[in-house]
Amino acid sequence: MNMTIRAVSCLCLVWAAFGAGAQGRRDLNETRFPGTGAVQITAEVWVDNWFAIYIDGAKLMEDSIPYQTERSFNAERITFSTDLPVTIAFELRDYMENNSGLEYIGTRKQQMGDGGAIFQFRDQTGHLLGASAAGWRCKVVQHAPANPSCANERNPVAGVGACMAEAEVSPANWAAPGFNDASWQDTRVYSAREVGPKDGYDMISWDRSAELIWGPSLKQDNIVLCRGVLQ
Ligand SMILES: [Ca+2]
Ligand SMILES: [Ca+2]
């Protein structure tokens, strides 16, 4: 198996690969970070399409499949150690070809594409510390196209008419424990039927409390920031 060890911002071990996907990608990627915190946490994460995870404001890692990869349905299992309480923050991204929010532009499959994310955190005894569900605070920072009719245009141009985007820079220190997320929204919960999770999703034993989440629009919200605290 051709196993690539990604360079990340700290020392880590990538030690296992299971279930190669249709194009030889791994459906479940495992990463272990050494650390000295009191609690060893295992996070399991599945996102359509990509995520970055922050621990108390510091970026821990990114999805092992790059953002601009179509049909990236891999899951990640991440082990790290920390002290509790700890603030967990995610940048979640749906795939989009450009700022119109569309994918497969110019083909018969041209569409808005939908997102979806689910994650859970357990300590070393298997006790669930938290999972994606109502209560996580989220903010949409890229919403496009402005009007779904963009997906029906023969020559959709990002930033024009129905294909305009509402986009903003992520707030400073948005992943930090002290950030005030009072103006953010409770995350929206979706059913598996609505999201259609597959591949790596099926390789994780999800707790009943772990739900599929996203911004208010599964199709038009393309970059969503979410925060929560594990106690
Ligand atoms: Ca998608
Ligand atoms: Ca989308």
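In β12, the bridge partner of R137 is D186. R137 also has a partner in β15, namely R227. This is a predicted model, in which local features need pLDDT of at least 70 and side-chain atom pairs count only at pLDDT 80 or more, while totals for chains, interfaces and linings use all residues. Residues are numbered from 1 along each chain as its sequence is written, and chains are lettered from A and ligands numbered from 1 in the order in which they are written.

The protein contains one helix and 15 strands; helices (H or I, at least four residues) and strands (E, at least two) are DSSP runs, numbered from the N terminus. Two strands pair if DSSP finds at least two bridges between them. Strand β10 pairs with β12 in the antiparallel sense over two bridges. With strand β15 (residues 221-230), β10 runs antiparallel and is joined by six bridges. β10 and β11 also pair in the antiparallel sense, over two bridges, and there Q142 has A167 of β11 as its bridge partner.

Elsewhere, strand β4 (residues 50-55) and strand β5 (residues 58-62) run antiparallel, joined by four bridges. A52 stands opposite E62 of β5. The two strands form a hairpin with two residues between them, and D56 in the turn has a positive phi of about 45°.

Burial is counted from C-beta atoms placed from the backbone: a residue is buried if 20 or more other C-beta atoms lie within 10 Å of its own, exposed if 12 or fewer, and partly exposed in between. Of the 231 residues of the protein, 40% count as buried. In soluble globular proteins, nonpolar side chains tend to be buried together. A nonpolar core is here a set of buried Ala, Val, Leu, Ile, Met, Phe, Trp, Tyr and Cys residues joined through C-beta atoms within 7 Å. The largest such core has 42 residues, and those with the most contacts inside it are V45, F51, I53, A117, V224 and C226. A second, separate core of seven residues includes Y95, M112, C150 and A151.

Contacts are defined by C-beta atoms, placed from the backbone, that lie within 7 Å. Leaving out residues up to four places away in sequence, A117 touches V47, F51, L92, S132, L212, I213 and W214. With the same exclusion, S132 touches A117, I118, F119, A210, E211 and I213. S132 lies in the loop between β9 (128-131) and β10 (137-143), yet S132 counts as buried because 27 C-beta neighbours are inside 10 Å. S132 and E211 are 79 residues apart along the chain, and their C-alpha atoms are separated by 5.5 Å. Across the protein, among contacts between residues at least 6 apart in sequence, 70% join residues at least 24 apart.

P171 is partly exposed because 15 other C-beta atoms lie within 10 Å. P171 and V141 are 30 residues apart in sequence and 9.2 Å apart in space, C-alpha to C-alpha.

Confidence is given by pLDDT, the predictor's value for each residue, from 0 to 100. The protein has a mean pLDDT of 90, and 89% of its residues reach 70 or more. Over residues 1-22, pLDDT stays under 50, and for these residues the model has 34 contacts beyond four places in sequence. Where pLDDT is low, the predicted coordinates should not be read in detail.

Notes:
Contact = placed C-beta atoms within 7 Å.
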